Amino acid sequence: MASSHPKITLEKITGLNYDAIITLYTFPRQKKFIPTNSYSLIQSMFWKGAWKRAIYADGVPIGFVMLYTAKAKSEKEIFLWRFMIAKQYQKGGNGSRSFKVVMDHIKKTWPKVTTLKSCYIPGPGSPGKFWIKKGFRHVEQTEEDKKNGEIPITMELTRKPRRRQ
C-alpha cells in the first residue's frame, strides 16, 4: 500500500533554490525561537563545521536544517543548530518525518557520532515539547545557556546491532 505522506529529502542549498529557502518563514509567534533562514545561511559562512540543507517534501521546499559537525570526530557529537518547518507545512507530521530523515542522515554520514545536542528557548510556542517527544532529554544549564536564555537538551543515538554472518 502506498503511503499518503510526501517523500522527505535533504537537498544542498544552491543558487537555484536559495530564494525559495530564504522565503520560508515560521509563524510570527515562533520568530523569537529561531532566526530566519537567510540569517542562518549567512552565519554558516563563518563557522567551519556548519552543515546545512533544505528540507523538501515531494520536491517542494518546506524547511531548513543546520548542524554543527566540527566535534563529530573528536567528541563524537553533533549539535542540531537549526531546524525549521515553514508555517504552511506545520501540523501535518512534516516536522517529525523531516527529523527522522535528518537522524537517518546523521547515522549514515557520521556513524561514530553517539550524541546529538541542541537547545531551545522556553516559552509559549516553544519547540521544547516537540524535542522531548523526539527523545531528547534536559541536561544541566551552563552559565552561557542561562545568559542566552536557552535550555540545553541531548539525545543518545542508538543504532541497530549488526548481524553476524
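Residues are numbered from 1 along each chain as its sequence is written, and side-chain values use heavy atoms, with hydrogens and water left out. In this predicted model, local features need pLDDT of at least 70 and side-chain atom pairs count only at pLDDT 80 or more, while totals for chains, interfaces and linings use all residues.

The chain contains 5 helices and 7 strands. Helices (H or I, at least four residues) and strands (E, at least two) are DSSP runs, numbered from the N terminus. Their order from the N terminus is β-α-α-β-β-β-α-β-α-β-α-β. The chain is as compact as a globular protein of its length, because its radius of gyration is 16 Å, close to the 15 Å that the globule rule gives for 165 residues. That radius is taken over C-alpha atoms, and the globule rule is 2.2 Å times the number of residues to the power 0.38. Along the principal axes, the C-alpha atoms fill a box of roughly 50 × 40 × 30 Å. Of the 165 residues, 39% count as buried. Buried means under 20% relative accessible area, exposed over 50%, and partly exposed in between (1.4 Å probe, protein chains only).

The largest pocket has a volume of about 1600 Å³. A pocket is an open set of points, on a 1 Å grid over the protein atoms alone, where a 1.4 Å probe fits, with protein on both sides within 12 Å along at least five of seven lines. Grid points are joined across faces, edges and corners, and the volume is the space filled by probe spheres set on the points. The lining comprises 48 residues, each with an atom within 4 Å of a point. Trp 81, Ser 118, Cys 119, Tyr 120 and Trp 131 lie nearest the pocket centre. Strand 4 (77-85) gives the most to the lining, with 9 residues. Other elements that each supply at least two residues include strand 5 (115-120), helix 4 (128-133) and helix 5 (143-148). By class, the lining divides into 22 nonpolar, 15 polar and 11 charged residues. Ala, Val, Leu, Ile, Met, Phe, Trp, Tyr, Cys and Pro count as nonpolar, Asp, Glu, Lys and Arg as charged, and the others, Gly among them, as polar.

Helix 3 (94-109) also supplies at least two residues to this lining. It has 16 residues and reaches 22 Å from its first C-alpha to its last, close to the 22 Å expected at 1.5 Å a residue. The expected span is 1.5 Å times one less than the number of residues. Its buried residues are Asn 94, Gly 95, Ser 98, Phe 99, Val 102, Met 103 and Ile 106. They cover an arc of only 165° around the axis, which puts them on the same side of helix 3. The arc is that of the directions from the helix axis to the C-beta atoms. The face turned away from the buried side carries the exposed residues Lys 100 and Lys 108.

Asp 58 is exposed, with a relative accessible area of 54%. Lys 76 is partly exposed, at 36%.

Phe 64 lies in strand 3 and is buried, with a relative accessible area of 0%. Phe 64 and Tyr 25 are 39 residues apart in sequence and 10.0 Å apart, C-alpha to C-alpha.
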